[in-house]
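Here is a short briefing on one protein chain. Look at the structure first, then work through the points below.

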Amino acid sequence: MSEQDNGQQPPPEKKEKKSLSLNVVSNKEHRGFGAGTIDLSDVACVMIDKGEAYIDVGAMHAKSKIEKGIKFSMNKEDVPNGRPCWIVWVAVDRNEEGAFYAGATACPMLVDTEARRGWKILAQHVNNLDYAIKRRFILDELGAEEKQALKTLLVSNNPEWWERSPDKLKEALNV
């Protein structure tokens with residue numbers, strides 16, 4: 001005797017859960033759910049503050065330890081007492097030898113924790129995230145102290161990845 005003969009409904013079919021990711025706008029025809037998406041799982045957010053570099057996954061959504069509770073402006077004059085901080089987007093890739101640091105781009109911020117005010121240019125942060133994903137290195141604006149802190153973090157995080165990384169990154173962080 002089947003469940004329907006018993007007067008019971010068959011259990012509902014379980015639908016496969018679709019994951020969401022950042023969609024890229026393009027002029028190509030859309031080919032269904034998730035078409036044209038970027039996988040951000042291979043991008044790390046490194047914060048540099050007061051000469052210390054550390055990974056902060058909250059930065060991906062502007063909720064890093066530094067950014068929480070801060071009202072940001074695009075006008076630098078709104079933050080006269082701000083301290084310089086940096087977000088560095090670091091992309092990791094893999095080849096036949098193994099994983100390596102494939103892209104890294106730095107974005108400046110000013111943060112005044114007491115006044116709860118900050119300055120950053122969101123468009124630059126988005127563009128630099130995109131550049132890191134596209135395997136570019138934009139680290140020229142970092143000072144010697146910040147470059148050393150970033151290099152120390154990358155090497156200590158995974159020395160093998162550092163060794164396999166492009167010379168362009170090593171030269172950019174050679175202090």
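**A buried tyrosine and its partner**

Tyr 101 has a relative accessibility of 2%, so Tyr 101 counts as buried. Keep in mind that this is a predicted model.

**The aromatic pair**

- The whole structure holds one aromatic pair.
- Tyr 101 and Trp 161 form this pair, and the arrangement is edge-to-face.
- The ring centres are 5.6 Å apart, with 75 degrees between the planes.
- The pair links distant parts of the chain, 60 residues apart.
- Tyr 101 sits in strand 7 (residues 98-112), while Trp 161 sits in helix 3 (residues 159-164).
- Trp 161 counts as partly exposed because its relative accessibility is 23%, and the cut-off for buried is under 20%.

**The overall fold**

- The protein has four helices and nine strands.
- From the N terminus, their order is β-β-β-β-β-β-β-β-α-β-α-α-α.
- The protein has 175 residues, and 36% of them are buried.
- Among contacts with a separation of 6 or more, 60% join residues 24 or more positions apart.

**Salt bridges**

- Side chains of opposite charge can pair when their charged atoms come close.
- How many salt bridges does the structure hold? There are five.
- One of them joins Glu 67 and Lys 120, at 2.6 Å from N to O.
- Glu 67 is in the loop between strand 4 and strand 5, and Lys 120 is in the loop between strand 8 and helix 1, 53 residues apart.
- Both Glu 67 and Lys 120 are buried.
- Another salt bridge joins Arg 117 and Asp 78, at 3.9 Å from N to O.
- Arg 117 lies in strand 8 and Asp 78 in the loop between strand 5 and strand 6 (83-95), so this pair ties together parts 39 residues apart in sequence.
- Arg 117 is partly exposed at 24% relative accessibility, and Asp 78 is partly exposed at 32%.
- Asp 93 forms a salt bridge with Arg 135, with the closest N and O atoms 3.3 Å apart.
- Asp 93 lies in strand 6 and Arg 135 in the loop between helix 1 and strand 9 (137-138), so parts 42 residues apart in sequence are tied together.

**A buried charge without a salt bridge**

- Asp 56 lies in the loop between strand 4 (52-55) and strand 5 (71-73).
- Asp 56 is buried yet has no salt bridge.
- Lys 68 is the nearest side chain of opposite charge, 7.0 Å away.
- The Asp 56 side chain does reach the backbone nitrogen of Lys 65, at 2.8 Å.
- Beyond its neighbours within four places in sequence, Asp 56 is in contact with Cys 45, Met 47, Ser 64 and Lys 65.

**Positive phi angles**

- Most residues other than glycine have a negative phi.
- Lys 50 has a positive phi near 55 degrees. Lys 50 is in the loop between strand 3 (43-49) and strand 4.
- Lys 50 is exposed, with a relative accessible area of 68%.
- Arg 116 also has a positive phi, of about 55 degrees. Arg 116 is in the loop between strand 7 and strand 8 (117-119).

**A buried alanine**

- Ala 132 lies in helix 1 (residues 122-133).
- Its relative accessible area is 0%, so Ala 132 is buried.

Note on methods
Residues are numbered from 1 along each chain as its sequence is written. This is a predicted model: local features need pLDDT of at least 70, side-chain atom pairs count only at pLDDT 80 or more; totals for chains, interfaces and linings use all residues. Side-chain values use heavy atoms; hydrogens and water are left out. Helices (H or I, at least four residues) and strands (E, at least two) are DSSP runs, numbered from the N terminus. Buried means under 20% relative accessible area, exposed over 50%, partly exposed in between (1.4 Å probe, protein chains only). Lys and Arg count as positive and Asp and Glu as negative; His and the chain ends are not counted. A salt bridge is a side-chain nitrogen of Lys or Arg within 4 Å of a carboxyl oxygen of Asp or Glu. A polar contact is a pair of N or O atoms within 3.5 Å; within protein, one must be able to donate a hydrogen and the other to accept it, and residues adjacent in sequence count only if both atoms are side-chain atoms. Contact means heavy atoms within 4.5 Å. Rings of Phe, Tyr and Trp (its six-membered ring) pair if their centres lie within 6.5 Å; planes under 30 degrees apart count as stacked, over 60 as edge-to-face and the rest as tilted.
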